[in-house]
Each structure stands twice: as C-alpha cells, then as structure tokens.
Amino acid sequence: MNDLDLNDIRMFVAVSQAGTLTAAAKELHLPTSTVSRALTRLEKHLGVLLVQRSPRGLIPTDSGKEYLQSCRRALQTLRQGRSLLESRRSNPSGLIKVGCPVTMARDVLAPMLKEFLGRYPDLRMEIEPYAASWDQEPREDVDVFFKLRAPKDSLRRVRPYPGTARGLFASPGYIQAAGSPAAPDDLTARRCVGSGPWKLTRGKKTVIPNILFRVVSSDPAVALKLATSGFGVAILPLWMVDNPELGSALTPVLPQWSPEPITLCALFFSQSRLTPKVQALLNFLDEYLGTDRDPRLKGHSAKGYFTDRRLAPTLGP
C-alpha cells in the first residue's frame, strides 16, 4: 500500500457519489480522462473491480461498496485532523520549552511573557537560561534554542534576529585616574571587564587587542555595575548605556572604534516540525526584537541600537 495515491481514493469516492465520470470530473474540476485513469489505477492497485459500467452510469460492486465506506471514514478522519491542526495553529496550546542566554531571559523574555501568554492562554512556557557557555548546543527536548552563533547541527533551522550594537565605556573617574586610551592597544594597560576577544573596527580596519581581563564575565549587567563603580573599561550595549538613570556615570572610550555587535539567532527543527506553538513564539518575537517595541528600549526609538537581522551571527561575546 506504500504507493497508494490518496487522490485516487478521493476520485473514487467522488465517482461513487456522482454516478458518472463526467459528473465526478465536473465536481472535482478535473478532466474526465484524469478521473477515469485514477479509477482504473486504483482498481489495478487493489486487484478488485470497484465499479461496474452500465448504461445508467457507474454502479459500485459489493467490494466497491465496502471499500467506499472505509474510504469515506478515512477521508473524514483526515478532514478532522486538518481542522484540529488549523484550530491549534490559531490557538496553540501545550508547553513550549525555550533555552536562551541568561541576559535574554532577563531583559527580553521576562518583560514580554505577560503579553505573550495573555495572547495565547492555552500555552505554558518553560525557560532554561544558560550562562556557562555561549557556544552551548541545544538539547533535543528544547523547542526553541537562542544562541549567539550559527549552529553546528545542520538538522536545525535558523531564524536570525537583529543584533545589539555596542560601545566601549568607563566612568569619568576611572578615565581621569587611568588616562583615556588613544588606541585599542592602550586597553592592555587598563582594567577591563569582559570575555572573549574584543574585536574593534574603525572603517575597514579591525584590531583585536591582547587584553587580560581583570574580571571575566559575559553578562552586561555585571559589566555595567563594575564600569559605573569606576572599576575599569567594559563593552556595553548602547541601549543599556542610554539610560537617564545613569546620568553622567559613564563616558565613551575610543568612540571611533566599534566593538563587534552581538547577534542573536533562534534554532528550531525543520519546517516540517515547526509546530503552531513554536510558530507563535517566533512570530511574536518578530514584532518586538530590534523594533521600537523592544522591551530593552523602554519606549525609546530603536534607531542606532540594533543591527540588520541579515548579518551573520557573531563568534562570541
């Protein structure tokens, strides 16, 4: 039964109900020859005569009548299944498991969860934040996994989201005491907070100073606290620094040099596995991330704070 064509069954049911090939073809909006070939092909496949040709039209045989009932039940089940999927697509339900960096859980998902779950009252969400490794790979039981670089697992699809523009900052007190760096290499003689290589770009020139971090952390909230306290230099998201509550607590460092932005992508199984609940979450985030409605902006314009979503994911923080 592996090569049984569902369309042939559908045409057999139509022929049995219409009584003639012509009437069935008209109902299906198909040529009569197509319907005739489908009926012949199905009978040959089953090895049974399903209808008898007579001057009055086509009359189902006894075998045809029995098979017709089974076909009707099967087609009804398929229609019910489709209706169920359409219902779940418009009203997704169940548990959606999300893996994401701690910073995303705190600054992005948490402020939006009330609205998202209010829009989809039959959904529940489980968030698994991670911080141990920015290159962590997703587990199989996670529906959507957010990370900062493209996946090694080719079985998953990737949806990019706008990245976060960043800059170098320190407190005015620290700059007065340690001196303002004139070039990226001067950062090696300053106290710095961060992780991974600092890739700095000015025009077409890119440098990676050999920095030995006094404090290693990929959490911008930690870097912000240390920078505002006068500890040293940190790379911070521009949206985080442009906060009226900070006042004049921070000043730009090497403003002509731009750190590599942090990009974000969502990993999920291929389109055939994209369930309504996953589709609902990804579409919801599309409405917010990198736009004026992004919760990190607290009502400010998104201009200048995010990158084009088509940029390739970065290699790390």
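Modeller: A contact, as the term is used here, means heavy atoms within 4.5 Å. Among contacts in the protein chain between residues at least 6 apart in sequence, 67% join residues at least 24 apart. The model is a predicted one, in which local features need pLDDT of at least 70 and side-chain atom pairs count only at pLDDT 80 or more, while totals for chains, interfaces and linings use all residues. Residues are numbered from 1 along each chain as its sequence is written, and side-chain values use heavy atoms, with hydrogens and water left out.

The protein chain contains nine helices and 15 strands; these elements are DSSP runs, helices being H or I with at least four residues and strands E with at least two, numbered from the N terminus. Of its 317 residues, 42% count as buried, where buried means under 20% relative accessible area, exposed over 50%, and partly exposed in between (1.4 Å probe, protein chains only). The accessible surface of the chain comes to about 17,300 Å², and 53% of that surface belongs to carbon and sulfur atoms; such areas come from the Shrake-Rupley method with a 1.4 Å probe, and for residues only the protein chains shown count as cover.

The part I would examine is strand β3, residues 94-101. Six of its eight residues are buried, so β3 is largely enclosed by the rest of the structure. Strand β3 pairs in the parallel sense with strand β4 (residues 123-130) over eight bridges; two strands are taken to pair if DSSP finds at least two bridges between them. Within this pairing, Leu95 has Arg124 of β4 as its bridge partner.

Other strands of the chain form open sheets. Strand β9 (residues 200-202) meets β14 in the antiparallel sense over two bridges, and Leu200 has Pro259 of β14 as its bridge partner. Another open sheet, of five strands with mixed pairing, has the order β11-β8-β12-β7-β13. Its edge strands, β11 (215-216) and β13 (251-252), each pair on one side only. Inside that order, two bridges join β8 (residues 192-194) to β12 (residues 233-237) in parallel, with Cys192 opposite Val233.

Among the helices, α3 (residues 32-46) has 15 residues and reaches 21 Å from its first C-alpha to its last, close to the 21 Å expected at 1.5 Å a residue; the expected span is 1.5 Å times one less than the number of residues. Its buried residues are Val35, Ala38, Leu39, Leu42 and Glu43. They cover an arc of only 130° around the axis, which puts them on the same side of α3; the arc is that of the directions from the helix axis to the C-beta atoms. Gly47, with a positive phi near 70°, follows α3.
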